[in-house]
Amino acid sequence: MDKPRKIIIDTDPGQDDAAAILLALASPGQLDVLGLTIVAGNVPLSYTSRNARIVCELAGRSDIAVYEGALKPLERPQVTAEHVHGTTGLDGAILPEPTMPVQPLHAVDFLIDTLRREEPGTVTVCTLGPLTNLALALQKAPDIASRVQELVMMGGGFFEGGNITPAAEFNIYVDPQAADIVFRSGMPITMLPLDVTHQLLTTKARVARIAALGSDVSRAVTGWLEFFERFDEEKYGSDGGPLHDPSVIAYLLKPDLFSGRHCNVEIETRSDLTVGMTVVDWWRVSGRKANATVLRHVDADGFFDLLIDRLGRL
């Protein structure tokens, strides 16, 4: 049997990040979570760090190492999303305050040290939030780009446009300069944009299946999803909201659920109108070199079957 894939999850929990972390921790036969690196994003760092530890303890995994990283974007003023995630970022379920510690090492140094220590091409970085921590690591240690097995990231959008501005998806918009550094780094990138995640709707029937698991984990996830989806239901007029971040972990567990193509992606960093846009050369008209695999289609029922099965194991 293959050894579990070594991953670092860089995250800014949020309810959908929490579901992604749970999906990874519920899959120890396939994924070896080396640590969580935390970034400000959906809510400020003090909350995202707290939330990551709450989720680890909920999963019974207080042994997971949590490292705090960037407090703010590289250049732009901080933008957060309490209007979606609530004040804490995990509104919707009341859980105990975490007792597990934050590690003394900075997230950026953990990323660098781990990628230098492990064999080249054996560690996958999974980003669920703004790319600030990874960009800072690349600025400090450019050699790590060639050591990353794959960056699998939730971010961007093309055919779906944006969700924080007409052109930009939240994770990229928050720190477009960081995203630009990452996309120019040469590391292998797989991008799960809004084009995929908007197909993964938390319909009433799907949430009911999670609730029916009847565990502490399922009760928390159900509460989070019911809170989180209200914003998108109002915006899109849909049955449920898109479940963005677990798509990253699902791709690692069952890549055959997804399809896309290798193409060039550039990040808009200057325009007031379109800053944070992921300019995807889907039709290969620019002549620019492909630098990312951009996923566009997903088997949504297969995704939720996987998520519900794994949540049932916690």
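Residues are called buried when under 20% relative accessible area, exposed when over 50%, and partly exposed in between (1.4 Å probe, protein chains only). The structure is a predicted model, in which local features need pLDDT of at least 70 and side-chain atom pairs count only at pLDDT 80 or more, while totals for chains, interfaces and linings use all residues. Residues are numbered from 1 along each chain as its sequence is written, and side-chain values use heavy atoms, with hydrogens and water left out.

On this scale, F159 is partly exposed, at a relative accessible area of 37%, whereas G14 is buried, at 0%. Although G14 and A52 are 38 residues apart along the chain, 9.0 Å separates their C-alpha atoms.

Turning to charged pairs, the whole structure holds 16 salt bridges (a side-chain nitrogen of Lys or Arg within 4 Å of a carboxyl oxygen of Asp or Glu). One of them joins R117 and E118 at 3.6 Å, N to O; R117 is exposed, with a relative accessible area of 55%, and E118 is buried, with 14%.

A network of salt bridges links D180, R184, E266 and R288. R288 is partly exposed, at 42% relative accessible area.
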